[in-house]
Amino acid sequence: MARRKIEVQNVISPGHVQSVDADKYEATRDAYLAVLTSDAPGMTPAEIKAALTPRLPEDLFPGGATAGWWAKCVQLDLEARGVIVRGPGSPVRLRKA
């Protein structure tokens, strides 16, 4: 049986749309938004990944497998949609819009 797909955007490549596994995307998005703060300066991608990985379903992410890729996918999509914003400077820090 074919897996359900969802289209994601990429803030770095405006107009580029990619189809990805909907269950993995939605699980990662829900975990991402649950751990991400709206307070400045925000969280680094490494902090976000560390906080969201334990929240991912084991059946979709056994042992946290591919959590980093999915966290980046969700980050770029949510940035493109204006749900999260990137703070100024380095290192990259993200927060809810």
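The crossing of helices α1 and α2 is right-handed, a term used when the near helix is turned clockwise from the far one by less than a right angle. Helices here are DSSP runs (H or I, at least four residues), numbered from the N terminus. The model is a predicted one, in which local features need pLDDT of at least 70, side-chain atom pairs count only at pLDDT 80 or more, and totals for chains, interfaces and linings use all residues. Residues are numbered from 1 along each chain as its sequence is written, and side-chain values use heavy atoms, with hydrogens and water left out.

**How the two helices meet**

Two packed helices are described by the angle between their axes and the distance between the axes. Helix α1 covers residues 22-35 and α2 covers residues 45-52; they pack at about 110 degrees with axes 9 Å apart. That makes α1 roughly perpendicular to α2, the label for angles of 65 to 115 degrees. The axes are lines fitted to C-alpha atoms over the stretch in contact, and angles run from 0 to 180 degrees between N-to-C directions.

On the α1 side, the contact (heavy atoms within 4.5 Å) is made by Thr 28, Ala 31, Tyr 32 and Val 35, and Ile 48, Ala 51 and Leu 52 meet them from α2. These residues divide into six nonpolar, one polar and no charged.

**The nonpolar core**

The largest nonpolar core has 22 residues, of which Tyr 25, Tyr 32, Leu 36, Ile 48 and Leu 52 touch the most other members. Such a core is a set of buried Ala, Val, Leu, Ile, Met, Phe, Trp, Tyr and Cys residues joined through side-chain atoms within 4.5 Å. Helices α1, α2 and α3 (67-80) each give two or more residues to this core, and α3 gives the most, with six.

What does Tyr 32 touch beyond its neighbours within four places in sequence? Its partners are Ile 48, Leu 52, Ala 71, Val 74, Gln 75, Leu 78, Ile 84 and Leu 94.

Glu 79 lies in helix α3, while Thr 44 is found in the loop between α1 and α2. Both rows below concern buried residues (under 20% relative accessible area, 1.4 Å probe, protein chains only).

Glu 79 and Val 11 are 68 residues apart along the chain, yet their C-alpha atoms are separated by 5.9 Å.

How values were computed:
Angles under 35 degrees count as roughly parallel, over 145 as roughly antiparallel, 65 to 115 as roughly perpendicular and the rest as oblique. Ala, Val, Leu, Ile, Met, Phe, Trp, Tyr, Cys and Pro count as nonpolar, Asp, Glu, Lys and Arg as charged, and the others, Gly among them, as polar. Buried means under 20% relative accessible area, exposed over 50%, partly exposed in between (1.4 Å probe, protein chains only).
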